[in-house]
Amino acid sequence: MRQYNRPDEAAMLRVLEAAGPEGIVLRLAWQAGLSREEISALTWEQVSFLDERLELPGRMVPLEPDLREALWRLWERCGGLEERVVLSSRGKTPLAPESISRLARQALDREGQTAVRLMDLRHDWIRRQLETRDWAEVARISGVEVPALQARFAALVPSKRSAARPALPVDEFKLWRVLQTERGSPAGLALWLAWQLGLQAQEIIALTWDQVALERDLLCLPDREVPLTNAVRRQLEEAWRRRSPGDPPQVLLTERSRNPVDLPRLSRMTRAALIRGGMEHTSLRDLRRDESREDEDTRLLEAAREAPLSRGDVMALLGLSKTAAYARLHRLTERKKLVRIGGKYYLPGSVVPPERQLETIRAYLSQAGFAYRQDIAALLKIRPKQCTLLLRRLVEAGTLIQSGQKYFLPGGLGGAEEEAGEL
């Protein structure tokens, strides 16, 4: 194994002050851990000053303040007119990887760092990350798998424990955006299966179509039956429509070769999808093991027993943003834990669901002839304000007829008026 040489920090600080491209080259290697190929290919679209990160294919690298400031100065000088970040001083053309190495070598030699190579700077960055982050997090930001990191760095950071990090709360709004972006892809389907149905990775890759009972809204696994949410059902229906006659029986197949997905590929493609969505600290396992989320769900459902929930209620109860509260309520609705009517969310069984409201009103009016708003609100078990909005829509659509404060079925108003005249 090649021996790595740690750079001298004082010498590195001096060389980083270089005004030419060599300064940015060395910063990107030593302060962000980029390889020479990544430095050569880096574009301004991959530099997110707002999120303070470099958005590389397959990983997100946090920007240190010093590197962010240097990149911002360079951005201001080029006026945003160039595509590549690192350009030659003279021709302002992109630098090939070999030129990147030569620039770095010359700059390091001038400061007496003759034994240090560009790869040593990336190595030193990874080593410094391991002093403050766990193995899994460094794997995500470096692009190096955990076993390879441990094999190479365990002796250099002996105090680093390999124990799994505690799961962080899942940002459900970001996850929702990832799921919309990945709609129709194998990664998207896998994320849905883990997040909404709680399937393990091994269960996801082993799932076959004979275990999918769409007509019963169930997955029939060897040890249990799992109810489908509406969202997962739609994803499975799309996947079924894309099947070809010669496809294997597994549900999760690669997009091009149509082969079953194995565990390493499942890990790579879901990790890449989450990173693209800004969720570099989240793994597939986190989606199904988010115990804090389950505790919060229980609190919400208990609160819904007392009174219907609004998005504002969820924001106040859990301290969530408006978008995160909406995502939480939407997920519980998809899982049939709550029923949405207008802007309120009810427990199932405590209210007539939207798809049955019209038939319930028609059945009542067929017997009673007419009803007041409070009668229909009590019938549907909803708030008067929500009932007003519902009745307004039905009247505008011609489904109901309003006369004063009374509501009739079409054709029922005349009979009622005749009966009132006879009396």
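I call a residue buried when its relative accessible area is under 20%, exposed when over 50%, and partly exposed in between, with a 1.4 Å probe and protein chains only.

**Entry: ground rules.** I am working with a predicted model, where local features need pLDDT of at least 70, side-chain atom pairs count only at pLDDT 80 or more, and totals for chains, interfaces and linings use all residues. Residues are numbered from 1 along each chain as its sequence is written, and side-chain values use heavy atoms, with hydrogens and water left out.

**Entry: Leu409.** By the rule I opened with, Leu409 is buried, at 18% relative accessibility. I found Leu409 in the loop between strand 11 and helix 21 (412–422); helices (H or I, at least four residues) and strands (E, at least two) are DSSP runs, numbered from the N terminus. I then looked up Leu409 against Met60: they are 349 residues apart in sequence and 60 Å apart in space, C-alpha to C-alpha.

**Entry: Ala96.** I placed Ala96 in the loop between helix 4 and helix 5 (97–110). Ala96 has a relative accessible area of 33%, so I noted it as partly exposed. Its C-alpha atom is separated by 6.0 Å from that of Ser40, 56 residues apart along the chain.

**Entry: aromatic pairs.** A pair of aromatic rings is described by the distance of the centres and the angle of the planes. My rule takes rings of Phe, Tyr and Trp (its six-membered ring) with centres within 6.5 Å, and calls planes under 30 degrees apart stacked, over 60 edge-to-face and the rest tilted. I get 8 aromatic pairs this way.

Trp209 and Trp240 make an edge-to-face pair, 5.1 Å centre to centre with 70° between the planes. This pair links distant parts of the chain, 31 residues apart: Trp209 is in the loop between helix 11 (201–206) and strand 4 (212–213), and Trp240 is in helix 12 (residues 230–241).

Next I looked at Phe370 and Phe408, whose ring centres are 5.9 Å apart with planes at 40°, so I logged the pair as tilted. Phe370 is in the loop between helix 18 (354–368) and strand 9 (371–372) and Phe408 is in strand 11 (residues 406–408), so the pair ties together parts 38 residues apart in sequence. Phe370 is partly exposed at 30%, and Phe408 is buried at 4%.

I also wrote down one aromatic cluster, formed by Trp44, Phe49, Trp72 and Trp75.

**Entry: a charge over a ring.** The charged end of Lys406 sits over the ring of Phe370, 4.4 Å from its centre. My test asks for NZ of Lys or CZ of Arg within 6 Å of the ring centre and within 35 degrees of the ring normal.

**Entry: cysteines.** How many disulfides does a search of the whole structure find? I got 0, taking a disulfide as a pair of cysteine sulfur atoms within 2.5 Å. Cys387 is buried at 0% relative accessible area, whereas Cys220 is partly exposed at 24%.
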